[in-house]
Amino acid sequence: MDTTSIVLILAAVVAVSILAIVVVQLREKAKIQRLRKISALADTYKRAQTLLEEVPEQYLTPDLKLLLIQRMESTCKDLLPLKSDKPVAEWLEHAQQLKQKVDEGEDKRAPSRIDSPEKANNVKESLKSLFKVIEGMHKAGQIDKAVAQRKLKYLLFLVHKTNADLHIFQAREHIKQNAVRKAIHEYHLASTEMGKSKDNPLATKAIKSIRIRIKELEVLANEGQELKTADAEQSRRDKEWDSFLDDDSWKKKADYDD
């Protein structure tokens with residue numbers, strides 16, 4: 001065998017070796033990318049499911065619930081071709097069952113009271129996550145711009161409502177301690193929070209209610225009267241505030257799109 005043949009054979013061996021290495025690397029890269037995609041999609045599904053559980057029931061309109069369920073369904077459909085070891089079929093079935101419950105009005109949970117700074121912060125974090133979900137769905141073309149804007153605007157209102165809820169709770173606690181001026185201050189802060197969403201009819205209604213309560217308390221404070229925690233008017237207003245977002249006609253309209 002001459003020198004030329006030996007060189008060609010060696011070159012061929014080297015080329016085949018390089019090709020084999022490249023193929024192995026490409027397969028490994030594809031495998032890693034596939035696993036990363038599966039992990040990301042699984043996280044997306046679980047986050048949407050968690051938001052359905054974490055966001056207070058009184059905040060979630062049927063439309064928002066259906067958006068999260070849509071996110072869960074589309075994630076499952078993206079996962080199926082990847083043949084992961086996740087129970088994707090079960091996840092999809094669960095999402096479809098949830099959708100049916102929401103459509104039939106059977107998906108109900110007890111409202112959550114915002115009665116501590118920690119709870120208020122947790123709720124706001126959940127709302128921020130939901131905000132990002134809706135932004136992501138818009139960027140992915142799953143919802144149009146007008147719908148996304150309405151939902152995002154509504155979520156900003158809910159952030160302000162969460163802050164107002166905390167101030168209202170603190171005002172009630174001051175009333176129990178007969179600290180009228182402190183209660184009035186908390187009500188003013190609650191009104192300021194709702195004023196950040198003054199284009200929302202619910203916020204306008206809330207501000208009017210809060211101002212009436214402030215005037216009532218100012219009269220009592222000026223007259224030096226003691227507050228009674230069992231006062232019928234106070235109880236009525238407290239109940240009115242706690243059920244503020246329970247109006248079915250409001251939820252069916254969804255996101256004040258007059």
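**Exercise 1.** Determine whether lysine 151 is buried or exposed, and find the residue whose side chain meets that of lysine 151 in a salt bridge.

*Solution.* Lysine 151 has a relative accessibility of 5% and therefore counts as buried, where buried means under 20% relative accessible area, exposed over 50%, and partly exposed in between (1.4 Å probe, protein chains only). This is a predicted model, in which local features need pLDDT of at least 70 and side-chain atom pairs count only at pLDDT 80 or more, while totals for chains, interfaces and linings use all residues. Residues are numbered from 1 along each chain as its sequence is written, and side-chain values use heavy atoms, with hydrogens and water left out. Next, the side chain of lysine 151 meets that of aspartate 63 in a salt bridge at 3.3 Å, N to O; a salt bridge is a side-chain nitrogen of Lys or Arg within 4 Å of a carboxyl oxygen of Asp or Glu. The pair links distant parts of the chain, with aspartate 63 in helix α2 and lysine 151 in helix α5, 88 residues apart (helices are DSSP runs of H or I with at least four residues, strands runs of E with at least two, numbered from the N terminus). Aspartate 63, for its part, is partly exposed, at a relative accessible area of 31%.

**Exercise 2.** Locate the two residues of the salt bridge between glutamate 57 and arginine 109, and name the network to which they belong.

*Solution.* The two side chains meet at 3.5 Å, N to O. Glutamate 57 lies in the loop between α1 and α2 and arginine 109 in the loop between α3 and α4, so that the pair links distant parts of the chain, 52 residues apart. Glutamate 57 is buried, with a relative accessible area of 6%, whereas arginine 109 is partly exposed, at 31%. Both residues belong to a network of salt bridges that links Glu57, Lys65, Asp107 and Arg109.

**Exercise 3.** Classify the ring pair of tyrosine 45 and tryptophan 91.

*Solution.* The ring centres are 4.6 Å apart and the planes stand at 10°, so the pair is stacked; rings of Phe, Tyr and Trp (its six-membered ring) pair if their centres lie within 6.5 Å, and planes under 30 degrees apart count as stacked, over 60 as edge-to-face and the rest as tilted. Because tyrosine 45 lies in helix α1 and tryptophan 91 in helix α3, the pair ties together parts that are 46 residues apart in sequence. Tyrosine 45 is buried, with a relative accessible area of 1%, and tryptophan 91 also counts as buried, at 13%.
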